Amino acid sequence: MRRNTGLTPYQEKLRERLLAAPVVPAPAPWRNVFDGSAAVGGLTGVGFGVDPATGHDLVMVVSTQGYGVFDAVTGERIARDRDPEDDGPDGTPDLSCPWIGPPAGGRVRVAGLYGGGLHSTSGDGWSVDVEAPDWPHHRILLSANGGDWHRPPHTEGWWHVLHSTWSTLRAAGFSPSGQTLAVATSSDLTLWTRRSA
């Protein structure tokens with residue numbers, strides 16, 4: 001007996017496809033930076049910068065516990081401010097807050113609880129989609145070669161790399177360089193990179 005979901009048969013097949021896809025590791029050349037995720041309680045948003053010394057992508061995390069900056073290649077936390085003077089992007093027209101750590105000064109746009117967004121494509125063929133076939137849980141899908149998860153088989157063009165069932169999704173997307181994929185929830189940060197440590 002087919003349940004009445006209000007979806008067309010095509011939409012129901014897509015939903016079933018997503019529900020059946022297990023979480024798998026991201027394909028090469030991607031690697032998980034933390035071998036899992038980094039706990040960040042009360043996370044409200046994330047933004048990107050670049051380390052002028054190494055060229056590595058940096059990820060700034062804004063939370064109810066302050067600000068932190070992670071090296072997106074090594075996973076090292078390189079800066080921390082538990083009591084920033086600025087309360088964060090809420091109330092700023094460009095959703096920005098002061099950058100901490102290298103490079104010093106300037107502001108960073110933050111995507112998360114208060115709005116904004118990260119890049120959905122890498123610029124060289126990778127894309128990320130956020131789907132919620134069992135809302136309020138979100139699935140993060142990584143696709144290759146401008147891939148479309150509607151068509152190729154799972155793990156042959158698209159990969160279900162994260163299923164957020166424990167926390168609220170804040171943001172998912174690529175750094176401006178396209179070398180880092182970040183997924184931020186209200187409790188943690190997961191990073192993948194294409195650069196070697």
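In this predicted model, strand E5 pairs with strand E6 (residues 77–81) in the antiparallel sense, over four bridges. Phenylalanine 70 has arginine 77 as its bridge partner in E6. The hairpin of E5 and E6 has five residues between the strands, and glycine 75 in that hairpin takes a positive phi near 85°.

On another side of the pairing scheme is E4. E4 and E5 run antiparallel and are joined by six bridges, with a hairpin of two residues connecting E4 to E5. Here the bridge partner of valine 59 in E5 is phenylalanine 70.

How many residues of strand E5 (residues 66–71) are buried? Six of its six residues are, so the strand counts as mostly covered, buried meaning under 20% relative accessible area. Gly66, Gly68 and Phe70 point one way from E5, while Tyr67, Val69 and Asp71 point the other way, and all are buried.

**Nonpolar cores**

The largest nonpolar core has 18 residues. Phe34, Leu43, Val46, Val59, Val61, Leu189 and Leu191 have the most contacts inside this core. At least two of its residues come from each of strand E3 (43–50), strand E4 (57–63), strand E14 (180–185) and strand E15 (188–193). E3 gives the most, with three residues.

Leaving aside residues up to four places away in sequence, valine 59 touches Val46, Gly47, Phe48, Gly68, Val69, Phe70, Ala72, Leu189 and Leu191. A second, separate core has 17 residues, including Ile140, Leu142, Ala144 and Phe174.

**Helix H1**

Helix H1 (residues 9–20) has 12 residues, and its first and last C-alpha atoms span 16 Å, close to the 16 Å expected at 1.5 Å a residue. Its buried residues are Glu12, Leu14 and Leu18. These residues lie on the same side of H1 because they cover an arc of only 160° around the axis. The face turned away from the buried side carries the exposed residues Pro9, Lys13 and Ala20. Strand E10 (127–134), strand E11 (137–143) and strand E12 (158–164) are among the elements that cover the buried residues of H1.

**Salt bridges**

The count of salt bridges comes to three.

| Glutamate 12 | Arginine 15 | 3.8 Å |

Glutamate 12 and arginine 15 are both in helix H1, three residues apart, which is about one turn of the helix. Glutamate 12 counts as buried because its relative accessibility is 8%.

Where in the chain do aspartate 124 and arginine 194 lie? Aspartate 124 is in the loop between strand E9 (111–112) and E10, and arginine 194 is in the segment after E15; the pair is 70 residues apart and links distant parts of the chain. With a relative accessible area of 46%, aspartate 124 is partly exposed, whereas arginine 194 is buried at 17%.

In the remaining pair, aspartate 134 is partly exposed, with a relative accessible area of 22%.

Technical notes
Residues numbered from 1 in each chain as written. Predicted model: local features only at pLDDT ≥ 70, side-chain atom pairs only at ≥ 80, totals over all residues. Heavy atoms only, no water. Core = buried A, V, L, I, M, F, W, Y, C linked by side-chain atoms within 4.5 Å. Buried < 20%, exposed > 50% of the residue type's maximum accessible area, 1.4 Å probe, protein only. Contact = heavy atoms within 4.5 Å. Expected span 1.5 Å × (residues − 1). Arc of directions from axis to C-beta. Pairing = 2+ DSSP bridges. Salt bridge = Lys/Arg side-chain N within 4 Å of Asp/Glu carboxyl O.
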